[in-house]
Amino acid sequence: MTYVQKPRPALAWEKTNSLGLTRRDYEGSLSTLCAGCGHDSITAAIVKAFFELEVPPHQVVKISGIGCSSKTPAYFLRTAHGFNSVHGRMPSIATGANAANSDLVCVGVSGDGDSLSIGLGQFAHAVRRNMNMLYIIENNGVYGLTKGQFSASADVGSKAKKGEVNQQSPIDPMLLTLSLGASFVARSFSGDKAQLVPLIKAGIRHKGFALIDVMSPCVTFNDHEDSTKSYSYMRRYHHPAVQADFIAPAATIQASGGEHGEAIPVQLHDGSRIMLRKAAPDYDPTDRAAAFEYIERHQRRGEVVTGLLYINEQRSSMHDLAGTVNSPLTEMAYEKLSPGSKTLADIQKAYR
């Protein structure tokens with residue numbers, strides 16, 4: 001793959017954050033995706049979120065698998081650590097990176113094919129372990145790199161560009177991760193940056209596995225009239241369940257119910273908050289069973305529910321459950337990492 005860096009002329013009017021970095025310092029190479037691809041809008045939202053959170057790029061590890069979506073990490077945070085793994089195996093690479101250095105902000109970008117087909121087993125275990133990472137699925141319902149076959153997220157009755165009709169029931173990542181006990185479940189639309197950016201910010205600051213499933217239309221193979229993953233379908237049946245605002249720890253917290261109803265503040269582990277305003281009077285994003293039923297009910301109407309659909313800040317993360325040390329393994333002396341052959345033999349003996 002050819003990487004072409006974006007031209008970076010000095011602009012006197014560019015804003016900087018407290019690190020002295022501009023928004024363009026959080027960008028990557030020029031995108032090689034199709035013009036109008038929803039994935040590029042997601043990239044722009046990621047860039048904006050990291051810039052506004054003032055996260056040093058070198059403290060981020062970005063990981064992907066294979067597919068159009070997995071090219072995305074090349075287009076943001078060019079000075080971050082990165083790893084492009086094989087198809088469906090990104091969660092195990094992310095687990096290793098997170099286990100070795102828990103101080104890094106871990107971001108995984110995947111697709112519906114990469115996560116819900118060949119990578120489904122690894123994806124499920126990342127959720128089950130509540131690994132501390134932001135996991136973004138760029139969901140378009142097709143395999144874009146292999147000419148538009150239906151993916152596991154394609155809806156029943158959706159038509160392919162060549163006229164085939166999908167008859168197989170889809171795997172919904174929202175319902176799947178809720179059933180696996182995920183602690184942060186959200187869905188958004190690539191064309192709704194006002195909703196997507198605060199969700200990404202909250203996902204970055206959440207301690208545990210934060211899933212954001214982003215409907216991201218494929219303009220080449222799945223943006224036609226009979227597709228349920230097209231721009232027109234999303235704009236017609238887009239149903240925001242919760243409006244989200246992210247509030248940094250240093251900011252004054254202000255919230256009012258307004259036309260969307262009561263505001264619910266959720267305290268995140270780092271002291272920041274995500275402020276949720278209910279768009280539906282019967283929706284509670286802290287009730288897992290109610291969230292599951294709400295998503296299913298609106299799916300039967302053909303609606304795509306978006307927003308922060310479920311959050312649980314009380315669930316223990318992978319490091320809490322494993323009782324790992326606070327210091328990253330990368331900073332520990334070799335003598336501590338390698339206890340010697342006798343100690344290893346004693347450990348093996350204990351398992352016999």
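This is a predicted model: local features need pLDDT of at least 70, side-chain atom pairs count only at pLDDT 80 or more; totals for chains, interfaces and linings use all residues.
## Helix pair H1 and H6

Two packed helices are described by the angle between their axes and the distance between the axes. Helix H1 spans residues 38–53, and helix H6 spans residues 193–205. Their axes come within 9 Å. They cross at roughly 55 degrees, which makes H1 oblique to H6. The crossing is right-handed.

On the H1 side, the contact is made by Ile42, Ala44, Ala45, Ile46, Lys48, Ala49, Phe50, Glu52 and Leu53. H6 brings Lys193, Leu196, Val197, Ile200, Lys201, Ile204 and Arg205. By class, these residues of the contact between H1 and H6 divide into 11 nonpolar and five charged, with no polar ones.

## Nonpolar cores

The largest nonpolar core holds 70 residues. Phe50, Ile200 and Ile212 have the most contacts inside it. H1 gives the most to this core: eight residues. Phe50 of H1 and Ile200 of H6 also take part in the helix contact.

Another core lies apart from the largest one. This other core has six residues, including Tyr231, Tyr233, Met234 and Val304.

## Gly111 in strand S3

Gly111 lies in strand S3, residues 105–111. Its relative accessibility is 5%, so Gly111 counts as buried. Setting aside neighbours within four places in sequence, Gly111 is in contact with Ser69, Leu116, Ile137 and Glu138.

Gly111 and Gln167 are 56 residues apart in sequence. In space, C-alpha to C-alpha, Gly111 and Gln167 are 21 Å apart.

## Positive phi in two loops

Leu77 is not a glycine, yet its phi is positive, at about 50 degrees. Leu77 sits in the loop between strand S1 (60–64) and strand S2 (81–84). Its relative accessible area is 1%, so Leu77 is buried.

Asn130 is another residue other than glycine with a positive phi, near 55 degrees. Asn130 is placed in the loop between helix H4 (120–129) and strand S4 (133–139). Its relative accessibility is 0%, and Asn130 therefore counts as buried.

Notes: Residues are numbered from 1 along each chain as its sequence is written. Side-chain values use heavy atoms; hydrogens and water are left out. Axes are lines fitted to C-alpha atoms, for helices over the stretch in contact, and angles run from 0 to 180 degrees between N-to-C directions. Helices (H or I, at least four residues) and strands (E, at least two) are DSSP runs, numbered from the N terminus. Angles under 35 degrees count as roughly parallel, over 145 as roughly antiparallel, 65 to 115 as roughly perpendicular and the rest as oblique. A crossing is left-handed if the near helix is turned anticlockwise from the far one by less than a right angle, and right-handed if clockwise. Contact means heavy atoms within 4.5 Å. Ala, Val, Leu, Ile, Met, Phe, Trp, Tyr, Cys and Pro count as nonpolar, Asp, Glu, Lys and Arg as charged, and the others, Gly among them, as polar. A nonpolar core is a set of buried Ala, Val, Leu, Ile, Met, Phe, Trp, Tyr and Cys residues joined through side-chain atoms within 4.5 Å. Buried means under 20% relative accessible area, exposed over 50%, partly exposed in between (1.4 Å probe, protein chains only).
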